[in-house]
Amino acid sequence: MMSDIRCRIISEPHDHKAVFRQTSVKSPYFDGDDYEDVPSSKISYLCGDCGFILAKNIHSDQISQLLKSDQKGLSIVLQCPQCEKFNELSTQSKS
Ligand SMILES: [Zn+2]
């Protein structure tokens, strides 16, 4: 199972966020292809502006672990290497 999530574009964060910046190498920040045997659903996170793949085939538990390891209220922001917009990463699978 695989699904794509378009991230929310935010203005450039200054505090209280974990920001990943990558403007020289145009490749996904995270690639979960190494975990292909795990039978949970996979999610790709796309830039909310241009659709660039920011994180590829990430398992839902991986991303929630990533988010959980942060301080309370902290979110992860990925700068799109292509359009340089800031994408806020969040788990949207809680419904
Ligand atoms: Zn983009």
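**Reading strands, core and backbone angles**

User: Where does N57 sit in this predicted model?

Analyst: N57 is placed in strand β6.

User: What is to be noted about the phi of N57?

Analyst: Most residues other than glycine have a negative phi. N57 is not a glycine, yet its phi is positive, about 50 degrees.

User: Which residue in the loop between β7 and β8 (86-89) can I look at next?

Analyst: E84 lies in that loop. E84 also has a positive phi, near 65 degrees, and is a residue other than glycine. E84 counts as partly exposed because 14 C-beta neighbours lie inside 10 Å.

User: How do I read the two faces of β5?

Analyst: In a regular strand the side chains alternate between the two faces of the sheet. In β5, I43 and Y45 form the covered face, while K42, S44 and L46 form the uncovered one.

User: What is the sense of pairing between β5 and β6?

Analyst: Antiparallel, over four bridges. I43 stands opposite I58 of β6. The hairpin of these strands has six residues between them, and there G51 takes a positive phi near 85 degrees.

User: How many residues does the largest nonpolar core have?

Analyst: That core has 13 residues, and Y45, L54 and L78 have the most contacts inside it. Two or more residues each come from β5 (42-46), β6 (53-59) and β7 (75-79). The most come from β6, which gives three.

User: Which residues does L54 touch?

Analyst: Leaving out residues up to four places away in sequence, L54 touches C7, P28, Y29, Y45, L46, C47, L78, C80 and N87.

Note on methods. Residues are numbered from 1 along each chain as its sequence is written. This is a predicted model: local features need pLDDT of at least 70, side-chain atom pairs count only at pLDDT 80 or more; totals for chains, interfaces and linings use all residues. A nonpolar core is a set of buried Ala, Val, Leu, Ile, Met, Phe, Trp, Tyr and Cys residues joined through C-beta atoms within 7 Å. A residue is buried if 20 or more other C-beta atoms lie within 10 Å of its own, exposed if 12 or fewer, and partly exposed in between; C-beta atoms are placed from the backbone. Two residues are in contact if their C-beta atoms, placed from the backbone, lie within 7 Å. Two strands pair if DSSP finds at least two bridges between them.
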